[in-house]
Amino acid sequence: MPTSSTSIDKPLIKRLVQGDEHAFKQVYDVYYDKLYYYCLRFVKSEELVQELLQDIFVKLWTNREKIDPKLSFNAYLYQIARNHTFDFLKEAARDQKIKEELLLSAAIAHNHEEDNLTYAEYTGIANEAIEKLPAQRKLIFQLSRFEGLSYQEIATTLGISRNTVKVQMLRALKAIRKHLTLHTDLTISTILCLTLFW
């Protein structure tokens, strides 16, 4: 969990904003381990988390002038970490190799090597859930996840409102996550990767 913003003082943040590399190093030392374990909750791979952290701190440095020393630096940094991690999961969901690595890392983290299903089997279970969706909901999900259409494009294609598309997608994702939770030992973060960011 994020730590108190008192971990570092406002003068240090002001120095960071001004481009003081020593101040940046102090911030790095204070937050690296905290962010490491925070990101590891979502990305069950130590190697990938280390890469994420490099990007997060680079982004912090390159956008340092946007930091408002009057506001919570702690909240600001964790927001960067959270957004970057979820952006990574979205991208990973489109990359077969990274997706399989996430699945494998999650499996190892939970010590289920002997019981783990293969990636193809996980996908098969997800497809079972999709097939069980009501016809319109299934079509909307497929147009979004498999055809890459936006909610507005789906709405125009099917002659329904964008809000209807959004509601149906939320219900589809909820049903698929529930099915995966009941039929696999996947972690929540990996299930999100397979469904929310398919």
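Student: Is S72 buried, partly exposed or exposed in this model?

Tutor: Buried means under 20% relative accessible area, exposed over 50%, and partly exposed in between, with a 1.4 Å probe and protein chains only. S72 has a relative accessible area of 34%, so this residue is partly exposed. The model is predicted, so local features need pLDDT of at least 70 and side-chain atom pairs count only at pLDDT 80 or more, while totals for chains, interfaces and linings use all residues. Residues are numbered from 1 along each chain as its sequence is written, and side-chain values use heavy atoms, leaving out hydrogens and water.

Student: Where does S72 lie relative to the helices?

Tutor: Helices are DSSP runs of H or I with at least four residues, and strands are runs of E with at least two, numbered from the N terminus. S72 is in the loop between α3 (46–62) and α4 (73–92), and its C-alpha atom is separated by 9.4 Å from that of K10, 62 residues apart along the chain. The protein chain has 10 helices and 0 strands.

Student: Which residues touch the most other members of the largest nonpolar core?

Tutor: In soluble globular proteins, nonpolar side chains tend to be buried together. A nonpolar core is a set of buried Ala, Val, Leu, Ile, Met, Phe, Trp, Tyr and Cys residues joined through side-chain atoms within 4.5 Å. Here the largest has 31 residues, of which V27, Y31, L35, V43, I56, L60 and F73 touch the most other members; its largest share, 9 residues, comes from α2.

Student: What is V27 in contact with, leaving aside neighbours within four places in sequence?

Tutor: Contact means heavy atoms within 4.5 Å, and V27 is in contact with I8, L12, L16, L60 and F73.
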